[in-house]
Amino acid sequence: MRRNLLKVWKAIEFLKAANQQNKEAISKPKNDYFDAPTNDLTDQCYNSWMMEHPSAITLFDQLVSKAKGKSIVVFLDYDGTLSPIVDDPDRAFMSDEMRSAVREVARSFPTAIISGRSREKVYEFVQLTEVYYAGSHGMDIMGPPHQCKPCYDQYQIKAVDKQGNEVTMFQPAKDFLPAIQKISNMLEEKTQKIEGAMIEDNRFCISVHFRRVHEKDYDTLEEKVTSVIKNYPEFRLTSGKKVMEIRPSIKWDKGYALEYLLDTLGFGDSSDVLPLYIGDDRTDEDAFKVIRRRGEGYPIIVTATPKETKAAYSLRDPSEVLSFLTHLAKWRNSAD
C-alpha cells in the first residue's frame, strides 16, 4: 500500500510538471522543489512519505537517547526554516520566539546558520552573537579561530568580529568577486523593466528572485539571465524556490561548509559527534548527503509536502522547527 501511494504521488508530480513545463519553466525546474496538489490522495501520499521521513518531534526522545556520550553540533538554514518564505526577501524576518529558541540552543550546543544569503544579511535578520554564520551557501564563513587542515589555508584569514573576538574568515570564492559585481550590475540593468524581478547581491553569489514576477514574464526573465551568464563560463545557474542563483563553479556547497565548520570546531575526525542539520531547500541536500555519508547525525528536512530527499527526518514548517529547537534546549538543560 505504501509503495503504491508513493508511485501515485510520483505520477501526479510528473504529470503536473509536464503540464506546466512550458509556461512555468523557471518556477518549476527539473528536480526542483514545488508544492504537490492538495487533496485527500496527496494527504495519503504525505502520510506514506512520513513513514520513511518521520517527524523529528515525534521521535525526539529516540533521537536524543542516541546522543548520550556524544556531542551534538547544530546547523540551520534560514529562509523557510527559521523564517517563513515571503514574497519580499528583504522582509523574511524571524520571530522573537524563534530567535530566543536559537539563542538557547546555541548556549548548549555549537550552532551555525548556513544560508544562501550574504553572511551580513543573515546576521541582520538573526542578530545573535552566540552562533556562527556561513553565507553564500557556505562560501563566506565566519567560524571559530581553531587550527584547520592545511588544505584550507589558501582561503582563510584570522580576523576580529564586532565583539572583539578572534575568528577565522573562510572565503573560497574570493577570486570571483570582481566578476560577481559585474554580473550583478548587468542583471540589474537587463531586468529593471520586468515588474517584480529582484536582484540580490549575496556577495559570493547572486539571487534573481521572481516570486512577484508575472507568469507571462518568466520566459523573458530567464532569457535575460541566461544571456548574461553565457559570457561567464566559470559560473553556473541553479534554481531554488522562486529564485535563480548564479554561483562560481567551484567545488563548494553547504555540505563542504558543514565539514569545514566541524573541523574548525574540533570535530573533524571525531566519531563522537552528531551533526544535526535542519533545512528546507534543494541546496540543503548537499549537507544531508554529508551527514548520511558520515553514518551518524540527523538530517532533517522542513516540508509540508512529499519530496525526494536525503533527509532522514522531517518537520512540517518553521513553527515545528521552533518546537523542535525548544525541546532540544530544554532537554539539554534538564540533562545538566
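**View 1. Surroundings of Ile229.** Ile229 touches Ile183, Phe235 and Ile246, not counting residues up to four places away in sequence; contact here means heavy atoms within 4.5 Å. The model is predicted, so local features need pLDDT of at least 70 and side-chain atom pairs count only at pLDDT 80 or more, whereas totals for chains, interfaces and linings use all residues. Residues are numbered from 1 along each chain as its sequence is written, and side-chain values use heavy atoms, with hydrogens and water left out. Ile229 belongs to helix α7 (residues 218–229). Helices (H or I, at least four residues) and strands (E, at least two) are DSSP runs, numbered from the N terminus. Ile229 counts as buried because its relative accessibility is 9%; buried means under 20% relative accessible area, exposed over 50%, and partly exposed in between (1.4 Å probe, protein chains only). Between the C-alpha atoms of Ile229 and Ile246, which are 17 residues apart along the chain, the separation is 7.9 Å.

View 2. Strands β9 (residues 235–240) and β10 (residues 243–248) run antiparallel and are joined by six bridges. Two strands pair if DSSP finds at least two bridges between them. Phe235, one of the contacts of Ile229, stands opposite Pro248 in β10. Two residues lie between the strands of this hairpin, and Lys242 takes a positive phi near 55 degrees.

**View 3. Surroundings of Arg119.** Arg119 lies in helix α5 (residues 119–126). With 10% relative accessibility, Arg119 counts as buried. Leaving aside residues up to four places away in sequence, Arg119 touches Tyr133, Gly135, Asp140, Ile141, Met142, Met169, Gln171 and Arg203. Two of these contacts, Met142 and Met169, are bridge partners, Met169 being in β6. Strand β4 (residues 140–143) and strand β6 (residues 166–170) run antiparallel, with three bridges joining them.

View 4. Nine strands form an open sheet with mixed pairing, in the order β5-β6-β4-β3-β2-β1-β11-β12-β13. At its edges are β5 (156–160) and β13 (313–315), each of which pairs on one side only. On average, neighbouring strands of this sheet are turned by 20 degrees against each other, direction ignored. Helix α8 (residues 254–264) lies across β1 (71–76), β2 (111–114), β4, β5, β6 and β11 (273–279), and runs at about 155 degrees to β2. Axes are lines fitted to C-alpha atoms, for helices over the stretch in contact, and angles run from 0 to 180 degrees between N-to-C directions.
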